[in-house]
Each structure stands twice: as structure tokens, then as C-alpha cells.
Amino acid sequence: MAEDKILRSYGDPSIRESVRPLIEILTAEEDSIQNALRKTKAIQGTHSTLLDTLRTAADAAVGEAEDYTLSANSTPVRLSNVVQTTAIPFGVTRFQQAATHFTGENELSRQTNKALMDFHNSVEFSLVRNTLVSGVSGTAPKAEGLIAHISKSINTTAQTSGTVWSASILKGLMKANWDNSNGDVATDLYMGSILKNNTDDFVNKSTNVVTGVNTREIVTSVDVFETGLGKVRVHAHRYVDISGTDATCRVLGLNLDKHAIAYLYEPFVDKEIARSGPYDKYAVVGAWTLETRNQDSNFFASGYLRA
């Protein structure tokens with residue numbers, strides 16, 4: 001096309017950019033497990049709880065003139081975890097702080113707020129997925145996360161790969177949880193988007209009669225699943241099941257009353273980091289571990305079809 005000499009906007013660097021004074025944070029925030037747990041205090045690098053059991057219930061009748069027959073006693077066993085230090089360090093130049101931004105904020109303050117959110121997400125990820133690293137080999141110690149820390153042969157199940165998630169499977173998991181925990185069952189169920197979507201489509205949901213006219217809402221979600229052996233709140237959670245990392249879908253049942261976050265020191269913004277130029281270095285840092293009082297009240301199952 002012949003050049004018409006008409007001035008167009010494309011490529012003109014003097015045009016002010018159309019940027020709203022708001023930056024959307026694209027990283028999702030989860031239905032946080034760590035916020036739901038109690039907070040306790042750790043006093044050293046290894047944190048332990050003590051677990052004990054009662055005798056198996058049986059008839060204990062004694063004749064009126066018989067000697068007592070002693071039965072075996074038990075002593076507590078330790079369930080230990082290590083304290084992990086999580087840190088989100090960052091730096092912002094003094095030039096960047098002095099510059100005017102569309103956000104209207106000092107960039108150091110804005111990056112600090114982002115780092116606080118990043119810290120929360122990092123701890124949430126570790127709290128769910130970490131395997132234990134002791135730190136004795138010179139590597140950074142890692143607290144054992146929920147999936148690994150609750151794991152016992154009686155409460156961890158690997159289904160045949162490609163098993164279709166269903167209400168009957170969930171009922172079976174809850175029955176096994178009740179049997180294994182003496183009725184002290186999970187209260188909350190965490191799963192990825194695929195299983196949550198499938199749970200919403202369970203065909204045995206209660207039928208609610210809608211009255212009136214011009215009803216404009218259709219609700220298909222399942223927030224609570226209840227049987228005669230337990231009632232659990234159902235949550236979608238991004239870190240229990242990660243597509244591309246986990247070969248199959250997974251589900252985690254937790255009794256939130258049996259867990260706590262134990263802090264050696266609580267998260268804070270560390271501003272006392274040495275610098276050697278016109279910039280500021282901060283870090284959001286905290287030392288924490290997972291405390292579990294009863295493994296049997298929880299369950300984990302994998303092997304479900306990604307569809």
C-alpha cells in the first residue's frame with residue numbers, strides 16, 4: 001500500500017501508556033491449611049510429640065477370690081520432625097524507590113508485601129509436600145510435610161493407576177479412617193481441581209426442592225460430605241495434587257485438631273542485612289515445623305484418574 005503520510009499512533013513513544021494504578025497478583029492463594037492449624041512453640045531444632053495407646057478393649061472379669069493377672073503396659077513413642085527455616089530474600093535499589101510508579105507505592109514496601117505472600121505460599125507448599133531432610137549432611141533441613149508425616153501402612157493408600165474417583169471410594173476411605181482411628185476421624189478433605197470437580201458431580205447428592213420463580217442460580221458444589229462414619233469439609237487445594245508433577249490425582253484427609261505449626265521463631269521482615277551499594281536488602285524469614293499428635297486420624301490416597 002502506498003504511503004499516505006497520515007500520522008498514526010503506532011510506534012509513538014510519547015503516548016502515555018494505559019496502565020491502571022493496580023497490579024494484579026497472578027499467583028493463586030490457597031484455602032490455607034497453615035492458617036487453619038493451631039500455633040505452638042518449638043524450643044530446638046528437633047520437635048517431638050509423644051504418642052501412647054490404651055489396651056485393646058476386651059473382657060476383664062476377675063473372680064472374687066482370684067489373684068490379678070497383670071497385662072502388658074505401654075510407654076509413649078516419639079513422633080519427631082525438624083525445624084525448617086524458610087526465607088524470601090529480595091533487594092530494591094534506592095533509585096527504584098525514588099522513582100514514581102503507577103501503583104503510587106514505594107517499591108520497597110510493595111515488594112515487602114509481595115514477599116510476605118510468597119513466604120506464606122512457600123510454607124504452605126512445604127507443609128503439604130515436603131519429605132524430611134535432616135540437615136546433618138550440610139544441606140538445609142526440611143520439615144516433613146503432612147503427606148509424609150501422617151503416613152502409616154493403615155492410612156496411606158495407592159490405588160491402581162487410573163482408578164475413577166467416586167462417592168463409594170470416598171465412603172470407603174472414611175470407613176477405613178474410622179476403623180483405624182477408633183472413630184477419631186478426619187475433619188477436612190483436600191484435593192486438586194480435577195477431584196474437586198468430580199466430587200461436585202457425585203450423583204448421590206441430596207435433592208433440594210427450589211420454590212418460587214425466576215431462580216437464577218444453579219449450585220452444584222459439594223462443600224461437606226457426610227456418612228454415618230464421618231463428616232468432612234471439602235476443599236480444593238493447589239499443592240496436594242500438581243499436574244505434571246504427580247502422575248495421578250491425590251486426596252488428603254486431615255483432622256485439623258491433631259496438627260499444629262510449631263515456630264522456633266515466628267516470621268518477620270529482616271532488615272538488618274549487610275549491603276555494599278545504593279540498595280536495600282530485606283528478607284521475610286521464619287523457622288517452623290509441623291507438629292502432629294495423631295497420625296491415625298488422617299489419611300492419604302493416590303492413583304486416581306486425571307479426567
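## Helix H5 and the residue after it

Helix H5 is followed by Asn-182, a residue whose phi is positive, near 55°; helices here are DSSP runs of H or I with at least four residues, strands are runs of E with at least two, and both are numbered from the N terminus. This is a predicted model, in which local features need pLDDT of at least 70 and side-chain atom pairs count only at pLDDT 80 or more, while totals for chains, interfaces and linings use all residues. Residues are numbered from 1 along each chain as its sequence is written, and side-chain values use heavy atoms, with hydrogens and water left out.

Asn-182 has this positive phi although it is not a glycine. Most residues other than glycine have a negative phi. Asn-182 lies in the loop between H5 and S6, and it counts as exposed because its relative accessible area is 75%, where exposed means over 50%, buried means under 20% and partly exposed means in between, with a 1.4 Å probe and protein chains only.

## The length and buried side of H5

Helix H5 covers residues 167-180, and at 1.5 Å a residue its 14 residues should span 20 Å, which agrees with the 20 Å between its end C-alpha atoms; the expected span is 1.5 Å times one less than the number of residues. The buried residues of H5 are Ala-167, Ile-169, Leu-170, Leu-173, Met-174 and Asn-177. They lie on the same side of H5 because they cover an arc of only 165° around the axis, the arc being that of the directions from the helix axis to the C-beta atoms.

These buried residues of H5 pack against several strands, namely S5 (156-163), S6 (188-191), S7 (224-227), S8 (230-236), S9 (249-254) and S12 (299-304), and a contact here means heavy atoms within 4.5 Å.

## Helix H6

In helix H6, which runs over residues 193-200, the residues Leu-195, Lys-196, Thr-199 and Asp-200 are buried. They cover an arc of only 145° around the axis, so they are on the same side of H6. Strands S6, S8, S9 and S12 are included in what covers the buried residues of H6.

## The chain as a whole

The chain has 6 helices and 12 strands, and of its 307 residues, 36% count as buried. Among contacts between residues at least 6 apart in sequence, 80% join residues at least 24 apart.

Asp-296 lies in the loop between strand S11 (279-292) and S12, and with a relative accessibility of 18% it counts as buried. Leaving aside neighbours within four places in sequence, Asp-296 is in contact with Lys-152, Ile-154, Asn-155, Asn-177, Asn-180 and Ser-181. The C-alpha atoms of Asp-296 and Trp-178 are separated by 9.1 Å, although the two residues are 118 apart along the chain. Asp-280, which lies in strand S11, is also buried, with a relative accessible area of 13%.

Glu-266 lies in strand S10 (residues 259-270) and counts as exposed, at 55% relative accessibility. When neighbours within four places in sequence are left aside, Glu-266 is in contact with Val-285 and Gly-286; Glu-266 and Val-285 are 19 residues apart in sequence and 8.1 Å apart in space, C-alpha to C-alpha. Glu-226 is found in strand S7 and is exposed, with a relative accessible area of 56%, and its C-alpha atom is separated by 8.7 Å from that of Lys-171, 55 residues away along the chain.

## The second largest pocket

Rolling a probe the size of a water molecule over the atoms shows where empty space is left. On a 1 Å grid over the protein atoms alone, a pocket is an open set of points where a 1.4 Å probe fits, with protein on both sides within 12 Å along at least five of seven lines, and lining residues have an atom within 4 Å of a point. About 380 Å³ of space lies in the second largest pocket, and of the 15 residues that line this pocket, the closest to its centre are Leu-51, Asp-52, Thr-53, Asn-294 and Asp-296. Strand S3 (residues 77-82) gives the most to the lining, with 3 residues.

Methods
Points joined across faces, edges and corners; volume = space filled by probe spheres on them.
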